[in-house]
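User: Please take a close look at the surroundings of the ligand in this model. Which residues and elements form them?

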Amino acid sequence: MSSHGEPIPMIARKCAGLKGEAHVPGDKSISHRSLILGALSIGETRITGLLEGQDVLDTGRAMQAFGAEVEDLGGGNWRVQGVGVGGFAEPDNVIDCGNSGTGVRLIMGAMATCPITATFSGDASLNGRPMARVTDPLALFGAQAVGREGGRLPMTIVGARNPVPARYTVPVPSAQVKSAVLFAGLNAPGETVVIEKEATRDHTERMLAGFGASVSTEVTDEGRIITLQGQPELTPQSIVVPRDPSSAAFPVCAAIITEGSDVLVPNIGLNPTRAGLFTTLIEMGADLTYENMREEGGEPVADLRAKFSPDLKGISVPPARAASMIDEYPVLSVVAAFASGTTEMRGVKELRVKESDRIDAMAQGLRAAGLTVEEGEDWWTVEGRGFGSVAGGATVESRLDHRIAMSFLILGMASEKPMTVDDGGPIATSFPIFESLMAGLGATVERL
Ligand code: S3P
């Protein structure tokens, strides 16, 4: 989907307390990787619990364009008939990745060491995002990229005919860049090495090992050194996608700031590279507990119970935690508004190059809702007003960014006056059941 059509203005009003169970959709990161790794295996991969959000559907369509069979079997079950490492066919048409930075960057990596050419495009948000962070390391393998000014989409990648392996230190904390390099390394002979100074989500490493690749991670003073042996034969898998902690964040945060709430969010993946928000909320004094802790498919999983928490305190979020909660800062800033004291978020420059500039988008909207927000290039602070004192009553722009739209709707569930977002359409990229799920808990979220 290159654009989501007419804007869908949405409003959220103060609600009397959220109650019940919130079954959030499958993990977005793992869903993209399941489709891509399925396409890079020879034979049939089965996926259960795939996130059927627009971002992931766009990746599925892209895998078809590269020659894999991708079939929706219904009920969240999917079948991928892969073409094997190095087996991608040249697409007939432009690959439209819609709104998804993860989709386009991972797919560019996967095709960069195949002797084919592909052109990528997306919506206005994606076409404004930096791609040199991926095309620079892909050039080390022998791939060439031609895009718009500043390394923006639309962009054509000419895959390497005779790829060589690469050794690359990722300059920014980015699992997308790390994963693009590892996917490119799959079709290069010999060892590809990626070094990351800060740990980012490790789904690619875990899943590559699960599909039978030889991949190892050494934790050193220099950072994490990930080594992949090229040209493996990947074996198809049966994958059960855990539920997305980044989507769980919305009902969890809504319950914490809404008087009278008690919400259970079952089966949430708590991979330590993803769970930073929950640690932060507990440090702020949130009544959030992990029930039924267990391990599923090699990942820690728990049911989250979140209750209204009237005595939240602002804290300074450790910058070292940023990568493990990078997508959750927008909704954290909403919780911070209901705390007493200031919440400081530092070391978060990456927020400026997400689906929108998330510091700017949240700062403007929070100010319109009566909050005091300060910001610098890689930091921002929110002065909490405490429970019952957040005005709301503003109309804000979602800027083609699903997490900005959902964050302001969550704010409107607890602020004194309702919050309106100009366009809730982007929510469908990652959380297509957001409205019905929140309504099921007792929230009032409406389309205007
Ligand atoms: C993702 C990595 C993160 C995150 C995105 C999903 C992934 O992006 O923000 O939503 O699945 O690898 P960066 O790699 O740019 O930090």
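Analyst: A polar contact is a pair of N or O atoms within 3.5 Å; within protein, one atom must be able to donate a hydrogen and the other to accept it, and residues adjacent in sequence count only if both atoms are side-chain atoms. This is a predicted model, in which local features need pLDDT of at least 70 and side-chain atom pairs count only at pLDDT 80 or more, while totals for chains, interfaces and linings use all residues. Residues are numbered from 1 along each chain as its sequence is written, and side-chain values use heavy atoms, with hydrogens and water left out.

A backbone N or O atom of Ala 175 lies 3.0 Å from an oxygen atom of the ligand. From side chains, an N or O atom of Arg 33 is 2.6 Å from a ligand oxygen, and one of Lys 354 is 2.7 Å from a ligand oxygen. The protein buries 95% of the 390 Å² that the ligand exposes when taken alone (Shrake-Rupley method, 1.4 Å probe).

The residues surrounding the ligand (a heavy atom within 4 Å) include Lys 28, Ser 29, Thr 102, Arg 201 and Asp 327. Helices here are DSSP runs (H or I) of at least four residues, numbered from the N terminus. H1 and helix H5 (175-186) each supply at least two residues of this shell, and H1 gives the largest share, 3 residues.

Helix H1 (residues 28-39) also holds His 32. His 32 is buried, with a relative accessible area of 0% (buried means under 20%, for protein chains only). Its contacts (heavy atoms within 4.5 Å) include Asp 55, Ser 100 and Thr 102.

Terms used: Buried < 20%, exposed > 50% of the residue type's maximum accessible area, 1.4 Å probe, protein only. Lists of a residue's contacts leave out its neighbours within four places in sequence.
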